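Here are a few friendly notes to read alongside the structure. Please keep the view open as you go through the points.

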Amino acid sequence: MSDVTDAVARLVDHGPTVPALVLASLAALIATAGFHTRWSRRHGQAPPADDTGARPPTAERPAGTGPAGSEPGGSEPGGSGPGGESALWRMRTTVRDAPGSLAVLCAALADRRIDILSLQTHPLTEGTVDEFLLRAPGELSAAELAEVVTTAGGARTWTERADAHDLVDAPTRVLGLAARTALDAAELPLALRQLLGRCTIRSLPAPADDGAGARAAAAVPPEGALEDTVLRLRAPEGGVISVERPHLPFTPAEFARARALVELDARLGPRVPRGRDVLTLPEGSDITVRRADTRDVPAAKAMHERCSARTLGMRYHGPVGDADRYLNHLLSPRFGRTLAVQTASGRLVGLGHLLWDGDETEVALLVEDGWQRRGIGGELLARLVAMAADAGCESVYAITQASNTGMVAAMRGLGLPLDYQIEEGTLVVTARLDPAAQAAARLPQAERIGRE
């Protein structure tokens, strides 16, 4: 446990003092060791009804490492396949809760020269779910692996290609996710996806008086609810977090880990990384770029009131009515990450949003009229795209008006491959973030806000 103690100490050193009940929650978490509909959801920037961060499969892996479940082709040296190559697999199957059942399955795997690298068992009422990390001969296909397991008595078998990241033991992996969440509230949706694999995360906001949010919150007990392929948890801000994984039921252990992670987030309260950069603009003015959250809503609203109707129209593709509702959503860490630009006097003059949007990621910018065309938009955009790349996103897109030459120029300035789609004056510009494109792009490489 010395490694755990050291890691917890580092958590305390990096942020506000962590109360004893948070450390207890963290200990519990360790022990318990996911041209299309984006326009209909995002056009106009109204808060989406329920989607808060379903991420593409690659979001679970650092860029360039290859996601679990990607196309077969990666291999691990030292196996018994052709040329000494082997492949890593994650497998889950249900066996009878009877003496010898697991032994029969393990013997069948051994007969096919399949090594068992790790095994977790999850006893259920109808049997025992066994979760394996396997090293198999490179020529063995998923269908062949499933056939071996079925013949040996396994049922409802699920397989997925794995990579070296899956070799990390569960307590170490969970501790790393807890550390990330403790330092940054915006990490919770990403941490849940890395904890639970490919899944869709939705959220109903905290209820006002009644309505869908209130009904959903009332239907979920304080300890949460597990329903086969869906788990529901009380969100730290009072709403409900729903996680769905239709291809694979959740186990009680996964539910307990997710619940402990959300509880840790709730006890720590609102927080963003403290890091900030002071930059000098070409004409000599200094600006500060930092992370923002809902505590910046009053300053953001004041900036909106100083912006012209044309600037707001370019940003929101139409008139802005309920600014508070827009900003509370946009600055919430549940929906993504926000960067703020402020002057030497502390006045907010720019906002940049990185928004989780289903299987894609949106970027959006707003710069106050008097501070436009000074390079602020390009600086914000480059930092947001670097954050998206760090999170393993495959691409980012921006929705704007075709006449918004500033946004188009900023996207071109990234040096990334771009795709343009236009319909009735609305332009969608998509930038691809594959490793080869990133290597040639003009993205910030030294300091990335939110990772200090």
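1. A second, separate core of 19 residues includes Leu-177, Leu-231, Leu-233 and Leu-261. A nonpolar core here is a set of buried Ala, Val, Leu, Ile, Met, Phe, Trp, Tyr and Cys residues joined through side-chain atoms within 4.5 Å. Buried means under 20% relative accessible area, exposed over 50%, and partly exposed in between (1.4 Å probe, protein chains only).

2. A word on the basis. This is a predicted model, in which local features need pLDDT of at least 70 and side-chain atom pairs count only at pLDDT 80 or more, while totals for chains, interfaces and linings use all residues. Residues are numbered from 1 along each chain as its sequence is written, and side-chain values use heavy atoms, leaving out hydrogens and water.

3. The largest nonpolar core has 38 residues, and Met-411 is among those with the most contacts inside it. Helix α13 gives the largest share of this core, 8 residues. Helices (H or I, at least four residues) and strands (E, at least two) are DSSP runs, numbered from the N terminus.

4. Glu-379 also lies in α13. Glu-379 is partly exposed, at 27% relative accessible area.

5. Finally, look at α9. Its buried residues include Phe-255, Leu-261 and Asp-265. Gly-269, with a positive phi near 75 degrees, follows α9.
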